[in-house]
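Visitor: I have just opened this entry and would like to know where its descriptions come from. Could you walk me through it?

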Amino acid sequence: MNLAYVSNLAISVVAASTPLLIAASGELVAEKSGVLNLGVEGMMLVGAIAGFATAHQTGSALLGVGAAALAGMLIAMIFALLTLSFLANQVATGLALTIFGKGFAALLGAGYVGISAPVLHAIPVPLLSQIPFIGHVLFDQNILIYFSFVMLALIAWFLNKTHAGLILRAVGDSHDAAHAMGYPVLRIRYAAVAFGGAMAGIGGAYLSLFYSPLWSQDLTAGRGWIALALVVFSAWRPLWLLVGAYLFGGITFLSLYIQGLGIAVPSPLVSLLPYVGTVVVLVLISRDARRIRLNQPACLGKYFHAVS
Amino acid sequence: MLYRLEPRGERSLFWSYGSPVLAVILTIITMMAIFSLLGKPPVQGIETFLITPISTASGLSSLLVRAAPLIMIGAGLALCYRANVWNIGGDGQFTLGALAGAGLALALPNGAFWWEYPLVLCLGVLGGMFWAGIVAFLKLRFNANEILTSLMLVYIAQLILVWLVTGPWRDPQGFGFPQSAMFGAGATTPDFGTTSIHLGCLLAPLLALVLWQILARSVLGFQLRVVGQAPRAARFAGFSNARLTWIALLVSGGLSGLAGIIEVTGPIGQLTTTITPGYGFSAVIVAFLGRLHPVGVIFAGLLLALSYLGGDAAQINLNMPNAITGIFQGVLLFYLLGADVLILHRFRRIRPSAPEAA
Amino acid sequence: MDSELDNTVLERPPLLVLRGIVKQFPGCLANDHVDLTIGKGEIHALLGENGAGKSTLVKIIYGVMKPDAGSMIWNGQPVSIASPAQARALGIGMVFQHFSLFEALTVSENIALGLNDPKDRENLESRIAEISTRYGLPLDPHKAVHDLSVGERQRIEIVRCLLQNPKLLIMDEPTSVLTPQEVSKLFDTLRRLRDEGCSILYISHKLEEIRTLCERATIMRLGKVVAHCNPAEKTARDLAEMMISAKLKQQDYSNKTIHLGGDRLVVNKLTIRSNQQFGTDLKDISFTVKGGEIFGIAGIAGNGQGELMDALSGEIPAGSPMNILLDGAAIGQERPRARRRRGGCFLPEERNGHGAVGQMTLAENGFLSAHVRGALGRFGLINAKRTREFAAKVIHAFDVRTTGPLAEARSLSGGNLQKFLVGREVLQQPGVLVISQPTWGVDAGAAAAIYEALLQLAAAGTAIVLISQDLDEILLLCDRIAVIAAGRLSDAMNVKDATIEKIGLLMGGTHTGKEELAHALPA
């Protein structure tokens, strides 16, 4: 195994991990504010097609990413309106968002199957990309890969170091207490859900503008759900989200790798790996119920109606 | 904000039934808007979608055929959701049921025993129960979230199906297509006369009625409702949460498995790579639209079945993608969830003469 | 009474004046043209029963709720307070009855959340230390709230208010969760604040406290102000009569005759782990209750009462069958339904979602706990007729105001639902009844009915365990009592030998009181 081979391998892991990391870090923020949005898969799909279509029409992949963020945010607002203002059950509404998002993306994307769009190109970071091995793996990538790291760092800083982040965590911990102290619980949650939607949309655009890079109806293949599992895995801590996303990226890559080796395992069984991996990891992480309860935002999934 | 929500204090009986009706009306209006946005005549569009498919006798019978799996899965999910168990892996249990039954049907020579078909159905039920049982086991033993595990098991079941029909179970005479051999007559769901209506179309509403009686009249049904609404009260009363979780998942898994084996031994007739167009997810909507009530599920199942037929009709007659079905279903569930707020709340106008204007 | 009001108002310039405050909730007029004047530097009591509208009024003052009508004058200027942030900016601080704290966050994070002005958040930890020392309120800023005792939690709220140099401090039922010793320390702090010129609005229904602490009192009943007075000049009985409309019937059950039977409930070295996130584990609990006896368990909320109830009812199994004996049978590991079959009946503190299901009908709620002893089911099916009849019987016997057995539980007022639930257990003719907080949030009339029912049940030979935070209730009804603190139960004592002081020390978890005093000194 030479260095180039290892670095290609590492690049593939980074490539497979990034959409999970982006989508999961958005969901993390939403969940920290106490909202469980199970519609990540739907938001990713809508983002993927919005990004793809925009890039195709305008010729700019970056505009596509922007459109994906906007589309993800808009569709997340349907969820926010229903769960926050109309007090709908968050689990059911999240499912509805996924069902709707799949249908909506398929409808929009009907004319884009088999067409190509501009893709995201690698932008080497000056100097850093010259570092042997690491430079190539981490600093000679497309913009969304940098974005995933920067956003994760920003989120960690925001949640733990800023007063606004403290307020967001407080809303997730006890919306009644936050309301009694005069914090606008619903507005904060709307913002958090919107952020989650934008990030899921960008995660989707990453798939359609770089990873695939094509539009197909079930492009996400359950990645939205895996992102949700990652948030549980991380116990709502940003750094562990990074570990989790790369673990899954590794598993996804492993399944491709096994196929590449030409070992006589039927390809559908190899494709099982990420899903089985998700179940196994969920089981391992959830075993300690006390730990989950301690870290989980106490108001996660509960509806809030202020008497005013 | 001109209006604000205020709690009613008690359930509004009117809106318990009115909210699905309102949701359906709003969905139809929205669909017409979507049709016209896509450059199709809205009235003709909605007619093609909702009326054309059932304007003929054969259309009506295909409605019943489509509704059968939706009602079976939806009734089981309604039971689960009543017990606050969020099984959304209906498709996985459907697929495993189909695989378990089909395994026997393919292994036995045609017409080996008279009880071959009943045995195939039983295996289908067991297959679905097994797949849902994994979810129950992981939830109770390891506290793993059932939403995520049941969903992952959908993908896993689908990939197992693909593996089997492209590998070990592929029909040797199938010209390399990814599908199994057709099932023999001894393992085929009987249908009635010249129609496509089959045994499952009768079984589905019948099973829903049985579940209704269980929920409404039995101590078990009472326990499921209590554990869903107030888990602490269930503990206080001495109802075992673990036992009820097992029951809810096994019943709904069994029903999904039954739907799966009937579907492949009936309308489809063999295993292919796509044996469900997402019945398991549509059944989530069926359960909610039916007010988590097995009788409501029957009606909701028919409506959702119509949305599948409508998607096909729109594709053929209006040259639209059949993804319109997913949009219809998603929009319907959105409106329903939104309208449900009226059951426990009312909107009150905020008087402009508020004292804080001082 | 009104003349007294005028005199006292003239003594001090008013800080806050409320005129004609109205607040309407669906089905209930919470504040009906309420007037209130608070002078500068006075401790002003707002007195009333549960549901009199006190909490609504203070939420309006603090900007949490908006009044439907009425005006407010602060320091001579008309104001409308739209939010708590605005209230804090004016100089109003509030300590809530149910603390508005965030369990997962640390003490200093919790305090920072109460400070709007970024300047107030600079050097926060040293300023917390300064305030703590000055007012005798010791706190560790790095601890997470879920690890703290109730008294410590209250200190956080007080420190948070004091950091903003409030002119008016509102305290909503601050002592309901404190030991008598902690109460007296709190009063010292409040008096020091008053001497520094801060006004205090003190909400309570505890009469003796108000008589010792407050200079003026405003008394509310059913949403209206019914009287103003100087509480020190009134007896507790006078105040109580103003608070509840009817003349108080002297309740005294002390001369009842007790016919003690054999041991019906024996708890023997019961140790369990809590099943709640921030619960209290039980350690080595032992006591015995005879037939015909009412055994009281006093203690401050959150010291293991919930866990003890769960252990006795069977929701949490004990380590060994011998830990709990019911009429001689070892039931420590039996499930709740088996215990009911043997004659155990239970009613936990929390009505909604624990003792009852709000969305279900009264008939179904009757079935919930009575189906075993009432034979309301057969062959796995619910006997709908018998179930309705049972609920109707409870409704009739306990005078529950409702439309009938098919009414949803949540449509009943708190007091009515409680009567129904007590009735549900009492009519099952239990051999042993364990009941927690039977009159919490219940009006005086309903409370008297519940007391009568419990006494009659005991007279018929039932062994009753009464878990309550209301000392008056315990002293009124019980024959013997013990105190639970931090999951341990004190030795039982006859009610004749129990003094408030002795119980108070036990509530604090100490036997001499020395530890507690040492802890009170600022670190």
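Guide: Happy to; we will take the chains in turn and see how each description is reached. Please keep in mind that this is a predicted model.

Visitor: Let us begin with chain B. How many helices and strands does chain B have?

Guide: Chain B has 14 helices, along with 2 strands.

Visitor: Why is chain B called as compact as a globular protein of its length?

Guide: For 358 residues, the globule rule gives 21 Å. Along its principal axes, the C-alpha atoms of chain B fill a box of roughly 85 × 60 × 35 Å.

Visitor: What share of the residues in chain B is buried?

Guide: Of the 358 residues in chain B, 57% are buried. As for contacts in chain B with a separation of 6 or more, 78% of them come from residues 24 or more positions apart.

Visitor: What makes helix 3 of chain B roughly antiparallel to helix 10 of chain B?

Guide: Helix 3 (residues 57-82) and helix 10 (residues 241-268) of chain B pack at an angle of about 170°, and their axes are 7 Å apart. Angles over 145 degrees count as roughly antiparallel, so the angle of about 170° makes helix 3 of chain B roughly antiparallel to helix 10 of chain B.

Visitor: Which residues make that contact between helix 3 and helix 10 of chain B?

Guide: From helix 3 of chain B they include B:Val65, B:Met72 and B:Leu79. Among those from helix 10 of chain B are B:Leu249, B:Leu255 and B:Ile262. By class, this contact of helix 3 with helix 10 of chain B has 17 nonpolar, 3 polar and 1 charged residues.

Visitor: Why is helix 11 of chain B described as largely enclosed by the rest of the structure?

Guide: In helix 11 of chain B, 11 of the 11 residues are buried, so the helix is largely enclosed by the rest of the structure. Among these buried residues are B:Tyr279, B:Phe281, B:Ile285 and B:Leu289. After helix 11 of chain B comes B:Arg291, with a positive phi near 60°.

Visitor: How many residues of chain B are in contact with chain A?

Guide: There are 38 residues of chain B in contact with 41 residues of chain A. Helix 5 (116-142), helix 6 (146-166), helix 11 (279-289) and helix 13 (324-339) of chain B each give two or more residues to the side that touches chain A. That side of chain B has 27 nonpolar, 10 polar and 1 charged residues.

Visitor: Now chain C. Which elements give two or more residues to the side of chain C that touches chain A?

Guide: Here 19 residues of chain C are in contact with 14 residues of chain A. The elements in question are helix 3 (84-90) and helix 4 (107-113) of chain C. Helix 4 of chain C has the largest share, 3 residues. The side of chain C that touches chain A divides into 11 nonpolar, 5 polar and 3 charged residues.

Visitor: Is C:Leu193 buried or exposed, and how do you know?

Guide: A residue is buried if 20 or more other C-beta atoms lie within 10 Å of its own. C:Leu193 has 20 of them within 10 Å, so it is buried. C:Leu193 is found in helix 7 (residues 180-195) of chain C. Leaving aside neighbours within four places in sequence, C:Leu193 is in contact with C:Leu169, C:Cys198 and C:Ile200. The C-alpha atoms of C:Leu193 and C:Glu42 are separated by 9.8 Å, though these residues are 151 apart along the chain.

Visitor: What makes C:Gly39 count as buried?

Guide: C:Gly39 has 20 C-beta neighbours inside 10 Å, and 20 or more is the cut-off, so C:Gly39 counts as buried. C:Gly39 lies in strand 2 (residues 28-39) of chain C. In space, C:Gly39 and C:Leu15 are 5.1 Å apart, C-alpha to C-alpha, and in sequence they are 24 residues apart.

Visitor: Into which domains is chain C divided?

Guide: Chain C is divided into domain 1 (2-243), domain 2 (257-343 + 430-523) and domain 3 (351-429). The contact of domain 2 with domain 3 of chain C takes 14 residues from domain 2 and 13 residues from domain 3. Helix 15 of chain C gives the most to the domain 2 side, with 5 residues.

Terms used. Residues numbered from 1 in each chain as written. Chains lettered and ligands numbered in written order. Predicted model: local features only at pLDDT ≥ 70, side-chain atom pairs only at ≥ 80, totals over all residues. Domains from an automatic or database assignment. Contact = placed C-beta atoms within 7 Å. Helix = DSSP H or I, 4+ residues; strand = E, 2+ residues; numbered from the N terminus. Nonpolar A, V, L, I, M, F, W, Y, C, P; charged D, E, K, R; others polar. Axes fitted to C-alpha atoms, helices over the stretch in contact; angles between N-to-C directions. Parallel < 35°, antiparallel > 145°, perpendicular 65-115°, else oblique. Rg over C-alpha atoms; globule rule 2.2 N^0.38 Å. Buried ≥ 20, exposed ≤ 12 C-beta atoms within 10 Å, placed from the backbone.
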